[in-house]
Amino acid sequence: MKKRVAILISGGGSNMVALVKSMTGDHPARPVLVLANDPTAGGLKKAQDMGIKTAAIDHRPFGNDRHAFEAKLTAALTDAQPDVICLAGFMRVLTSEFVDHWNRRILNIHPSLLPKYKGLHTHSRAIQAGDSHAGCSVHMVTAKLDDGPILGQAKLAIRPDDTPDTLAQRILPYEHKLYPQVLRRFVVDDQTPVILP
Ligand code: GRF
């Protein structure tokens, strides 16, 4: 029986595409839902074009009522009955109640070498700090933002002429390699960290 994976996105969904494309053949999991908090997210069409069921729950009508938004999120996810939920460019902070409900079955990819640079603007912070390297991390989602156990990392040197945009462009392909490898292990309960390159 294949494990069921739901993927949450907010934008273009390039990590979602990489995850979906990885789940073929003898892969122990299959994508069952791609859900966006923005009905205009470009990733929704990409998922539909790959034959994946999609849903969109606009978070804006809920204002600051995170729990009301998450109640809709949980209803849509419960229908899909996921074994794992992958946050892939999902830009909404989730409450501890939501995270606890899906107890340790949520993964996230974050564009920094955690535990450094939790939150936003990770690449500009690494450049500003004069770091020699930057990268991305896949971690288990816990109640604290970008703070759960690290399940994989990809690391690359920052170049003297790098801007946050050029660095992000160089790191994104590593994200697309890292996340599928972490997911493949996670769905068979192997939490041995994936370290790239
Ligand atoms: C990526 O940098 C990812 O690390 C972050 O969101 C950005 C866009 O991701 N979480 P995607 O192209 O929407 O997957």
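**Entry 1: helix H3.** I began with helix H3, residues 66-80, and compared its length with expectation: at 1.5 Å a residue its 15 residues should span 21 Å, and because its end C-alpha atoms are 21 Å apart, the two agree. The expected span is 1.5 Å times one less than the number of residues, and helices (H or I, at least four residues) and strands (E, at least two) are DSSP runs numbered from the N terminus.

I noted that this is a predicted model, in which local features need pLDDT of at least 70 and side-chain atom pairs count only at pLDDT 80 or more, while totals for chains, interfaces and linings use all residues. Residues are numbered from 1 along each chain as its sequence is written, and side-chain values use heavy atoms, with hydrogens and water left out.

**Entry 2: the buried side of H3.** Which residues of H3 are buried? I found Phe69, Glu70, Leu73, Thr74, Ala76, Leu77 and Ala80, where buried means under 20% relative accessible area, exposed over 50% and partly exposed in between (1.4 Å probe, protein chains only). They cover an arc of only 165° around the axis, so they lie on the same side of H3; the arc is that of the directions from the helix axis to the C-beta atoms. Their cover includes strand E1 (3-9), strand E2 (29-36), strand E4 (84-87) and helix H4 (96-101), with contact meaning heavy atoms within 4.5 Å. Just after H3, I saw that Gln81 takes a positive phi of about 50°.

**Entry 3: the ligand.** I then listed the residues around the ligand, which are Gly12, Gly13, Ser14, Asn15, Gly89, Ile109, Pro111 and Glu175; a residue is near a molecule or strand if one of its heavy atoms lies within 4 Å of it. I looked next at pairs of N or O atoms within 3.5 Å. A polar side-chain atom of Ser14 is 2.5 Å from an oxygen atom of the ligand, and a polar backbone atom of Gly13 is 3.1 Å from an oxygen atom of the ligand. For Ile109, a backbone N or O atom lies 3.3 Å from a nitrogen atom of the ligand. Taken alone, the ligand exposes 370 Å², of which the protein buries 78%, by the Shrake-Rupley method with a 1.4 Å probe.

**Entry 4: strand E5.** I placed Ile109 in strand E5, residues 106-110, and found it buried, with a relative accessible area of 7%. Leaving out residues up to four places away in sequence, Ile109 touches Asn15, Leu87, Ser137, Val138, Glu175 and Tyr179. Asn108 is also found in strand E5 and counts as buried at 9% relative accessibility.

Key: A polar contact is a pair of N or O atoms within 3.5 Å; within protein, one must be able to donate a hydrogen and the other to accept it, and residues adjacent in sequence count only if both atoms are side-chain atoms.
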